Amino acid sequence: MAKRAIIALGSNLGEPVQNLKEAVERLQPLSVAEIRSSSIWKAMPVGFEEEVPEFCNAVVVFETDLEAQALLDALKAIEAGMGRSPRKSGSYESRVIDLDIIDLGGLVLDETGLTLPHPGAHERRFVLLPLKEVVPDYRFPGVDSSINALIASAPSYPVQRFIPLNPLV
């Protein structure tokens, strides 16, 4: 049975806009319908010790038959196929592409390597703002606040809407 998958995308190496577009093309086979996407949002890097290029971020929503671990494995394969190296434990790093499961059908899960909904996503404006574009009434499982309230209370580092990721949106 198909479940709604919400995936956050990020890139700050190479051609970030092209990286996001390529990632959406690679995600399409995981979906049983057309993918809906937010605009691309630019965000200043937060938490890095050195100066790094700004990030381009987006959120996509699609229906998938994949279970959580299979979806995560597919996302990791797309990242590797686009040239992302395995993440160094606990450190912030620049990346060609980053694909994170924000939510999968409202599933609440805490396993080694996979926590749903994505921890911290409800506090990150670079996730919340594009998410509001594609699912304006979204509520994180286990979080009482509306998406508007979460945006208002999230740290206010610079995030701005840039361009559409997909001309269908």
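Which residue stands opposite arginine 36 in strand 4? Valine 61 does. The legends below begin with that strand.

This is a predicted model, in which local features need pLDDT of at least 70, side-chain atom pairs count only at pLDDT 80 or more, and totals for chains, interfaces and linings use all residues. Residues are numbered from 1 along each chain as its sequence is written, and side-chain values use heavy atoms, with hydrogens and water left out.

**View 1**
Strand 4 covers residues 55-64; strands (E, at least two residues) and helices (H or I, at least four) are DSSP runs numbered from the N terminus. Two strands pair if DSSP finds at least two bridges between them. Strand 1 (residues 3-11) runs antiparallel to strand 4 and is joined to it by 9 bridges; alanine 5 has phenylalanine 62 as its bridge partner in strand 4. Strand 2 (residues 36-37) pairs with strand 4 in the antiparallel sense over 2 bridges. Strand 3 (residues 39-43) also pairs with strand 4 in the antiparallel sense, over 3 bridges, and alanine 43 stands opposite phenylalanine 55. Buried means under 20% relative accessible area, exposed over 50%, and partly exposed in between (1.4 Å probe, protein chains only).

**View 2. The ring pair of phenylalanine 126 and tyrosine 157.**
The structure holds 2 aromatic pairs. The ring centres of phenylalanine 126 and tyrosine 157 are 6.3 Å apart and the planes are at 45°, so this pair is tilted. Rings of Phe, Tyr and Trp (its six-membered ring) pair if their centres lie within 6.5 Å; planes under 30 degrees apart count as stacked, over 60 as edge-to-face and the rest as tilted. The pair links distant parts of the chain, 31 residues apart: phenylalanine 126 is in helix 3 (residues 125-134), and tyrosine 157 is in the loop between helix 4 (147-153) and strand 8 (159-164). Phenylalanine 126 is partly exposed, at a relative accessible area of 25%, while tyrosine 157 counts as buried at 16%.

**View 3. The ring pair of tyrosine 138 and phenylalanine 140.**
Here the centres lie 4.9 Å apart and the planes are at 80°, so the pair is edge-to-face. Tyrosine 138 counts as buried at 3% relative accessibility, and phenylalanine 140 counts as buried at 3%.

**View 4. A charge over a ring.**
The charged end of lysine 42 sits over the ring of phenylalanine 162, 3.9 Å from the ring centre. The term applies if NZ of Lys or CZ of Arg is within 6 Å of the ring centre and within 35 degrees of the ring normal.
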